[in-house]
Amino acid sequence: MRANGLKLHQGRYRSPSLDMFKNHLDREEVPDDYYKHDPDHKHIYRFVRTLFSAAQLTAECAIVTLVYLERLLTYAEIDICPSNWKRIVLGAILLASKVWDDQAVWNVDYCQILKDITVEDMNEMERHFLELLQFNINVPASVYAKYYFDLRSLADDNNLSFLLEPLSKERAQKLEAISRLCEDKYKDLSKAAMRRSFSADNLVGIRRSNAILS
């Protein structure tokens with residue numbers, strides 16, 4: 001992580017979407033030096049575990065979350081730093097949960113988990129995340145497999161257990177189909193978003209259609 005928080009091309013226009021992630025999630029006061037120190041891995045783990053446990057998200061969703069995180073860092077050329085990491089991680093989790101998990105979580109549900117954030121704030125953050133991803137939320141089976149085996153190798157190297165099994169062929173096809181469908185629908189919704197706030201909550205019913213797997 002870098003102290004300056006952002007890394008942009010020279011001469012590149014600074015998108016307001018990047019500033020959206022710099023706000024702290026909690027409205028309570030934080031120490032003066034809060035943004036000067038990188039959070040330790042235990043702090044990050046507790047934050048992610050709290051969200052996954054409360055929202056009952058799956059391990060597969062964690063891998064899709066990582067795909068979106070790294071894709072955001074590449075597309076937006078933004079560094080994760082103390083002032084933005086929580087919002088960036090939250091944005092990736094809520095998007096991954098809607099694309100992949102059978103029990104999709106609505107934005108209002110996250111507001112029950114994180115008491116000091118509003119639905120409007122969640123919707124806006126989600127919209128900015130999608131814009132920075134250029135609406136590319138498709139996760140091919142080959143991409144998922146790469147992240148899966150990279151994580152498993154990392155766990156082996158550090159003598160950690162890794163209980164998650166690889167996706168079956170059927171579930172891999174499901175992931176590709178769902179993410180492609182959601183990507184197309186997001187692009188359609190983005191046109192309406194020029195006039196009003198929108199959220200991936202609109203896709204929760206769509207993604208469960210039988211047509212997805214046909």
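Okay, a bit of housekeeping. What you're looking at is a predicted model, where local features need pLDDT of at least 70, side-chain atom pairs count only at pLDDT 80 or more, and totals for chains, interfaces and linings use all residues. Residues are numbered from 1 along each chain as its sequence is written, and side-chain values use heavy atoms, with hydrogens and water left out.

So, what's in it? There are eight helices and zero strands. Helices here are DSSP runs of H or I, at least four residues, and strands are runs of E, at least two, numbered from the N terminus. Of the 214 residues, 46% are buried, where buried means under 20% relative accessible area, exposed means over 50%, and partly exposed is in between, using a 1.4 Å probe and protein chains only. Take the contacts (heavy atoms within 4.5 Å) between residues at least 6 apart in sequence: 78% of them join residues at least 24 apart.

Now let's zoom in on α2. Which residues of α2 are buried? They're F47, L51, F52 and A55. Those residues cover an arc of only 120 degrees around the axis, so they sit on the same side of α2; the arc is taken from the directions from the helix axis to the C-beta atoms.

At its start, a side-chain oxygen of D40 comes to within 3.1 Å of the backbone nitrogen of K42. Just after α2, Q56 has a positive phi of about 55 degrees.

Most residues other than glycine have a negative phi. E77, though, has a positive phi near 50 degrees, and E77 lies in the loop between α3 and α4. Q134 is another, with phi near 55 degrees, in the loop between α6 and α7 (141-157). Buried or exposed, what is Q134? Exposed, because its relative accessibility is 54%.

Last stop: α4 and α6 (residues 119-132). Their axes come within 10 Å and cross at roughly 85 degrees. That makes α4 roughly perpendicular to α6, a label for angles of 65 to 115 degrees. Among the residues that meet there are L90, L94 and L95 from α4, and M122, M125 and F129 from α6.

Note on methods:
A polar contact is a pair of N or O atoms within 3.5 Å; within protein, one must be able to donate a hydrogen and the other to accept it, and residues adjacent in sequence count only if both atoms are side-chain atoms. Axes are lines fitted to C-alpha atoms, for helices over the stretch in contact, and angles run from 0 to 180 degrees between N-to-C directions. Angles under 35 degrees count as roughly parallel, over 145 as roughly antiparallel, 65 to 115 as roughly perpendicular and the rest as oblique.
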